[in-house]
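Hello,

Here is the structure we talked about passing on. Please have a look, then read my notes below.

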Amino acid sequence: MDDDMEKNQTYSAKKCPECMAHIPADAVVCPSCKRRIGKRSDTGMAKKAIDWKSYIMLIISWAAFAFYMWWAFFRK
Ligand SMILES: [Zn+2]
């Protein structure tokens, strides 16, 4: 089937969400801008890699805030 051939070819590449460069679909780092990128999405764009560092920092800052609120208002 010619259609399947075409599909396979488009699935072998994805677009970097940071610099819009076309890169191999299995690449985890963009060869153009060196950023970490995720898997290919349905639109042909690479998903942005999850930024665990900022995610964890967000959780820590919320936990610190919650602890401060407890410390400031609910401590006996
Ligand atoms: Zn890039």
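From the N terminus on, the protein chain runs α-β-β-β-β-α. That gives 2 helices and 4 strands. Helices (H or I, at least four residues) and strands (E, at least two) are DSSP runs, numbered from the N terminus.

Two points on the numbers. Residues are numbered from 1 along each chain as its sequence is written. This is a predicted model, so local features need pLDDT of at least 70 and side-chain atom pairs count only at pLDDT 80 or more, while totals for chains, interfaces and linings use all residues.

Burial and core

A residue is buried if 20 or more other C-beta atoms lie within 10 Å of its own, exposed if 12 or fewer, and partly exposed in between; C-beta atoms are placed from the backbone. Buried residues make up 9% of the 76 residues in the chain.

Which residues form the largest nonpolar core? They are Cys16, Ile23, Cys30, Ile37 and Ala46. Such a core is a set of buried Ala, Val, Leu, Ile, Met, Phe, Trp, Tyr and Cys residues joined through C-beta atoms within 7 Å. In soluble globular proteins, nonpolar side chains tend to be buried together.

Take Cys16 from that core. Leaving out residues up to four places away in sequence, Cys16 touches Ala21, Ile23, Cys30, Ser32, Cys33, Ile37 and Ala46. Two residues are in contact if their C-beta atoms, placed from the backbone, lie within 7 Å. Across the chain, 21% of the contacts with a separation of 6 or more join residues 24 or more positions apart.

- Pro17 is partly exposed, because 17 other C-beta atoms lie within 10 Å. Beyond its neighbours within four places in sequence, Pro17 contacts Ile37, Met45, Ala46 and Lys48.
- Cys19 is partly exposed, with 13 other C-beta atoms within 10 Å. Cys19 touches Cys30, Ser32 and Cys33, not counting residues up to four places away in sequence. Cys19 and Cys33 are 14 residues apart in sequence and 6.6 Å apart in space, C-alpha to C-alpha.
- Met20 is also found here. Its phi is near 65 degrees, a positive value in a residue other than glycine. Why does Met20 count as exposed? Because Met20 has 11 C-beta neighbours inside 10 Å.

The loop between β2 and β3

β2 covers 22-24, and Lys34 lies in the loop between β2 and β3. Lys34 has a positive phi of about 65 degrees although it is not a glycine. Is Lys34 buried or exposed? Lys34 counts as exposed, because it has 9 C-beta neighbours inside 10 Å. Glu18 is 16 residues away from Lys34 along the chain, and their C-alpha atoms are separated by 9.7 Å.

Strand β3 (residues 37-40) pairs with strand β4 (residues 46-48) in the antiparallel sense, over 2 bridges. Strands pair if DSSP finds at least two bridges between them. Arg40 stands opposite Ala46 in β4. The hairpin has 5 residues between the strands, and Gly44 takes a positive phi near 90 degrees.

Lys39 also lies in β3. Lys39 is exposed, with 11 other C-beta atoms within 10 Å. Lys39 and Val28 are 11 residues apart in sequence and 7.6 Å apart in space, C-alpha to C-alpha.

Helix α2

Helix α2 (residues 52-74) has 23 residues. How far does α2 reach from its first C-alpha to its last? The answer is 32 Å, close to the 33 Å expected at 1.5 Å a residue. The expected span is 1.5 Å times one less than the number of residues. α2 is hardly covered: the count of buried residues among its 23 residues is 0.

Best wishes
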